Amino acid sequence: MATERKPAATEDAKIDLFEDDDEFEEFEIDREWDDKEEGQEAIQQWEDDWDDDDVNDDFSLQLRKELESNSEKS
Amino acid sequence: MAYLSMGESHRRIVDYLSRFSDAVSSQDGASLKLLLSLCSSSPSLLSVADALNAFHDWTRLVNQNERYSNIGEIIVPLLRSLQSYRLGHFADSYSTFEKAANAFLQEFRNWESAWAMEAMHAIALEIRLLAEKADRELVSNGKNPEKLQGAGSFLMKVFGALAGKGPKRVGALYVTCQLFKVYFKLGTVHLCRSVIRSIETARIFDFEEFPPRDKVTYMYYTGRLEVFNENFLAADHKLTYALTHCNPRSKSNLRMILKYLIPVKLSIGILPQKWLLEKHNLVEYADVVNALKRGDLRLLRQALQEHEDQFLRSGVFLVLEKLELQVYQRLVKKIYTIQKQKDPTKAHQIKLEIIVKALKWLEIDMDVDEVECIMAILIYKNLIKGYFAHKSKVVVLSKQDPFPKLNGKPVSS
């Protein structure tokens, strides 16, 4: 995980004081990396047009059934 | 332990002293760095440490030689520190290392060029790592852990030495990041504020001049702070910067960035692709994403409960919990869409009891008054456009864009 040294098992209880689970690892100095490629990939990692009007998924079909059953009873 | 002759010990120690002295006189920062990296446990340093433990009188090798007079104040505590380190006495090792570090810093201030920056950075890293080991040792011996705090103070001094107009200033961001790691570990993140202010407002610093790897680390930590403070747009900007500029091979760091970026994106209505979660083993977010897509409030609550410990530890629990409003919005939108398919003329009126019914189906027990309250909040926060007809217990939706999208902005507070 994130920490650079694994804590000894006996100190686990107190380790909460000393831990940041998400401590960034040190980057190696003498290696530069080409970030242009990764940058392009990043754009396709997200979707912002997911909020559509499609109600044909399982959840929506079951929801519809549930709502319709109500109107039948009344 | 293998037998180490006095002759061999003497040779190793003198060799180390020569290398150190030569590195300083020839201004070789890279070589000097290797001689300072105690926690790397390099075979070379460990062999010197063994020699020190065998040859007890080694200090006279330093003190009796004119050649080492200028580095004596650094090298004697440094080697004592190495000696203690080898014996696993980390609190002692830290204390002497701190002395050496201070002596080094004094010399460093006098060297005009930035030749020793690598070495200074090595000291910054080592002092933090040693302090962590020292504090663990202190705690296990029932004593008060105060070394990491001390390391923090030292790092502030180093920062001060770099915050000037000369060429050394590009080294300041690395030290800043070490400070972040210290403060995050101690839980004293409010102390980050002063260095952040220096980096971002002092005129001597031009952020673009700093090395790329330091900028990534900086944006990661300041991005996390923005998440804690719920400044989601700033968090998005910083964490996205860290993500796009991070070494693609640093899997662990990429994962950490995404761990914080995903809740931020969710808060501004943007979902991660499924493959992204799988690629970086962040499947704890999978059900949260599904809940948002579906409008499934039960699933969201389940997901939060299942991974509660994880989310609490990383501090994103509250951010995720607030997604409830967006999930409600999606659910009501689904009800609206279903109604519209049956009877488009009446669809813009949604009876509260229908919403209650839907929630009950999701095993969420809420009465009409509670649902009315939620609808009022959704309207207030512009997640629903319309008004509430209280007497008839009906939500009347606006005919135009009744469920405004977030469009990359967080829910209005």
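Gln27(B) is placed in the loop that joins helix H1 (6–25) to helix H2 (29–36) of chain B; helices (H or I, at least four residues) and strands (E, at least two) are DSSP runs, numbered from the N terminus. The model is a predicted one, in which local features need pLDDT of at least 70, side-chain atom pairs count only at pLDDT 80 or more, and totals for chains, interfaces and linings use all residues. Residues are numbered from 1 along each chain as its sequence is written, chains are lettered from A and ligands numbered from 1 in the order in which they are written, and side-chain values use heavy atoms, with hydrogens and water left out.

The phi of Gln27(B) is near 55°, a positive value in a residue other than glycine. Most residues other than glycine have a negative phi. With a relative accessibility of 44%, Gln27(B) counts as partly exposed; buried means under 20% relative accessible area, exposed over 50%, and partly exposed in between (1.4 Å probe, protein chains only).

Asp28(B) also lies in the loop between H1 and H2 of chain B, and at 29% relative accessibility Asp28(B) counts as partly exposed. Leaving aside neighbours within four places in sequence, Asp28(B) is in contact (heavy atoms within 4.5 Å) with Ala23(B) and Trp115(B). A separation of 9.2 Å is found between the C-alpha atoms of Asp28(B) and Ala119(B), which are 91 residues apart along the chain.

## The nonpolar core

The largest nonpolar core has 162 residues, and those with the most contacts inside it are Phe20(B), Phe104(B) and Met375(B). Helix H7 (residues 117–140) of chain B supplies the largest share of this core, twelve residues. Such a core is a set of buried Ala, Val, Leu, Ile, Met, Phe, Trp, Tyr and Cys residues joined through side-chain atoms within 4.5 Å.

Apart from neighbours within four places in sequence, Phe20(B) is in contact with Leu32(B), Leu35(B), Leu36(B), Ile71(B), Ile74(B), Ile75(B) and Leu78(B).

## Packing of H19 against H20

The axes of helix H19 (residues 324–342) of chain B and H20(B) come within 11 Å and cross at roughly 115°. This makes H19(B) roughly perpendicular to H20(B), a class that covers 65 to 115 degrees, whereas angles under 35 count as roughly parallel, over 145 as roughly antiparallel and the rest as oblique. Axes are lines fitted to C-alpha atoms, for helices over the stretch in contact, and angles run from 0 to 180 degrees between N-to-C directions.

From H19(B), the contact is made by Tyr328(B), Leu331(B), Val332(B), Ile335(B) and Gln339(B), and from H20(B) by Ile354(B), Ile355(B), Ala358(B) and Leu359(B). Gln339(B), a residue of helix H19 of chain B, counts as buried at 18% relative accessibility.

Glu363(B) lies in the loop between helix H20 (352–361) and helix H21 (368–380) of chain B. The phi of Glu363(B) is near 60°, a positive value in a residue other than glycine. Glu363(B) is exposed, with a relative accessible area of 65%.

## Cysteines

A search of the whole structure finds zero disulfides over all chains, a disulfide being a pair of cysteine sulfur atoms within 2.5 Å. For Cys39(B), the closest cysteine sulfur is that of Cys177(B), at 19 Å, which is too far for a bond. Cys39(B) counts as buried at 5% relative accessibility, whereas Cys373(B), at 44%, counts as partly exposed.
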